[in-house]
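Here is a note for a colleague who is meeting this structure for the first time. The points below go through the sheets, the helix pairs and the aromatic rings in turn.

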Amino acid sequence: MGLVVQKYGGSSVADAEGIKRVAKRIVEAKKDGHQVVAVVSAMGDTTDELIDLAEQVSPIPAGRELDMLLTAGERISMALLAMAIKNLGHSAQSFTGSQAGVITDSVHNKARIIDVTPGRIRDSLDEGNIAIVAGFQGVSQDTKDITTLGRGGSDTTAVALAAALDAEVCEIYTDVDGVFTADPRVVKKARKIDWISFEDMLELASSGSKVLLHRCVEYARRYNIPIHVRSSFSGLPGTWVSSEPIEQGDKQVEQAIISGVAHDTSEAKITVVGVPDKPGEAATIFRTVADEQINLDMIVQNVSAASTGLTDISFTLPKSEGRKAIDALEKNKSGIGFDSLRYDDQIGKISLVGAGMKTNPGVTADFFKALSDAGVNIELISTSEIRISVVTRADDVPEAVRAVHTAFGLDSDSDEAVVYGGTGR
């Protein structure tokens, strides 16, 4: 039997009972003959609570010190889980991200993994131990400072370790039974997906689906590591994410025309008003934002007014980066030459994802009709080969998601989408 990497989210290890339940599942995998590496998140809402605490002490916490603070959450989880496994009669060793060989760049609070050198993990496994690794963290290659990988970084830690250790599979354990056609908290009749391609999962993740982080799926695709998304609260099979369809029983799971509907209310919109319509202006705007290490999502430029030669450029970005982007653009106002800035953080994004869009005419028309019938007004539109995204008012998002989900026949016959734990925070 081969090596398996398992990742457990905060809701799975939210309390002592949860930690003991996870320990039993890990030990079962060990008894089945697998070498097991378990990656853990902080308990429950610990990370959010630590962020809240930091902001009470300092409105803008220093990035380095915030990383030092936040990594404590995963260290608590890993130590407690190792204790629980030892209590079941099996040997386990816990490792921080740096001890596990997770090497990152030096960007605090959202570092990217550069390399993984899991020598200590391999030695521990060879000695017969179960290795427990703190997710979400690493060590900077340049400064040697502790870094964190940003939201959902434990998923990326798990996949990166799976690639470095040549694991058979990376199992992501969460508080739902797999990847669903929509967020079960919003659409009660969402259906579980048995198999989904890396490409469709990448689009869902980048469009707001919170089951898997975009960077995690990207890493898995690059190294062709199959991901099995499952619930730590049940023994049900989950969702396989891989490059090729899988077989279940005597039938092969086929790719659906539409994989699902994702939504995101964590973004804001900035409109740069009165931009001179000439070569280089857009480049200057986006270079100004990029220099602040801010990732943009949707970008739309209006047709310039013939009388003034000016145009407006709108783009979406994480709300948490809104103030930083506004300040950077204001500082460079004379260099860009725009008139004013508009900021709107009451927006939401709805995305329809499916590889079948490429060969099925009418998907776009049906999508916009469903939104129209629900009385939802559209502010921005963006498309790819397998995705259509729109920006609308944040208040309209739940109804819009349910309307689109129903319009494309994605509703389940029963309310099978169970959320076992977690607050959704």
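1. Two strands count as paired if DSSP finds at least two bridges between them. With that in mind, and keeping in view that this is a predicted model, strand β1 (residues 3–8) and strand β2 (residues 35–40) can be described as pairing in the parallel sense, over six bridges. One of the residues concerned is Tyr8, whose bridge partner in β2 is Val40.

2. The pair of β1 and β2 belongs to an open sheet of eight strands, which follow one another in the order β3-β6-β2-β1-β9-β11-β12-β10, with mixed pairing. At the edges stand β3 (92–95) and β10 (195–197), and each has a single partner strand, so one side of each is left without a neighbour in the sheet. From one strand to the next, the twist of this sheet averages 20°. Helix α1 (residues 16–31) packs on the sheet, where α1 touches β1, β2, β6 (130–134), β9 (169–174) and β11 (227–231), and the direction of α1 makes about 170° with that of β1.

3. Turning to the helix pairs, helix α2 (residues 46–57) and helix α3 (residues 63–87) pack with their axes 9 Å apart and at an angle of about 150°. Because angles over 145 degrees count as roughly antiparallel, α2 is described as roughly antiparallel to α3. The crossing of α2 and α3 is right-handed. On the α2 side, Thr46, Thr47, Leu50, Ile51 and Ala54 take part, and they meet Leu66, Leu69, Leu70, Gly73 and Glu74 in α3. Divided by class, the residues of this contact are six nonpolar, three polar and one charged.

4. How do helix α6 (residues 198–206) and helix α7 (residues 214–223) cross, and within what distance do their axes come? The axes come within 8 Å and cross at roughly 165°, which makes α6 roughly antiparallel to α7. The crossing of α6 and α7 is left-handed. From α6 the contact draws on Phe198, Glu199, Met201, Leu202, Ala205 and Ser206, and from α7 on His214, Val217, Glu218, Ala220 and Arg221. The residues of this contact divide into six nonpolar, two polar and three charged.

5. Helix α11 (residues 363–373) and helix α12 (residues 397–407) have axes that come within 9 Å and cross at roughly 135°, an angle that makes α11 oblique to α12. The crossing of α11 and α12 is right-handed. Phe367, Ala370 and Leu371 of α11 make the contact with Ala400, Ala403, Val404 and Ala407 of α12. By class, this contact has seven nonpolar residues, no polar and no charged ones.

6. The last point concerns the aromatic rings, of which the structure holds four pairs. One of the questions a reader may ask is why the pair of Phe286 and Phe315 is called edge-to-face. The ring centres of Phe286 and Phe315 are 5.8 Å apart and their planes stand at 70°, so the pair is edge-to-face, given that planes over 60 degrees apart count as such. Phe286 lies in helix α8 (residues 281–290) and Phe315 in strand β18 (residues 310–318), so the pair ties together parts that are 29 residues apart in sequence.

Terms used. Residues are numbered from 1 along each chain as its sequence is written. This is a predicted model: local features need pLDDT of at least 70, side-chain atom pairs count only at pLDDT 80 or more; totals for chains, interfaces and linings use all residues. Side-chain values use heavy atoms; hydrogens and water are left out. Axes are lines fitted to C-alpha atoms, for helices over the stretch in contact, and angles run from 0 to 180 degrees between N-to-C directions. Helices (H or I, at least four residues) and strands (E, at least two) are DSSP runs, numbered from the N terminus. Angles under 35 degrees count as roughly parallel, over 145 as roughly antiparallel, 65 to 115 as roughly perpendicular and the rest as oblique. A crossing is left-handed if the near helix is turned anticlockwise from the far one by less than a right angle, and right-handed if clockwise. Contact means heavy atoms within 4.5 Å. Ala, Val, Leu, Ile, Met, Phe, Trp, Tyr, Cys and Pro count as nonpolar, Asp, Glu, Lys and Arg as charged, and the others, Gly among them, as polar. Rings of Phe, Tyr and Trp (its six-membered ring) pair if their centres lie within 6.5 Å; planes under 30 degrees apart count as stacked, over 60 as edge-to-face and the rest as tilted.
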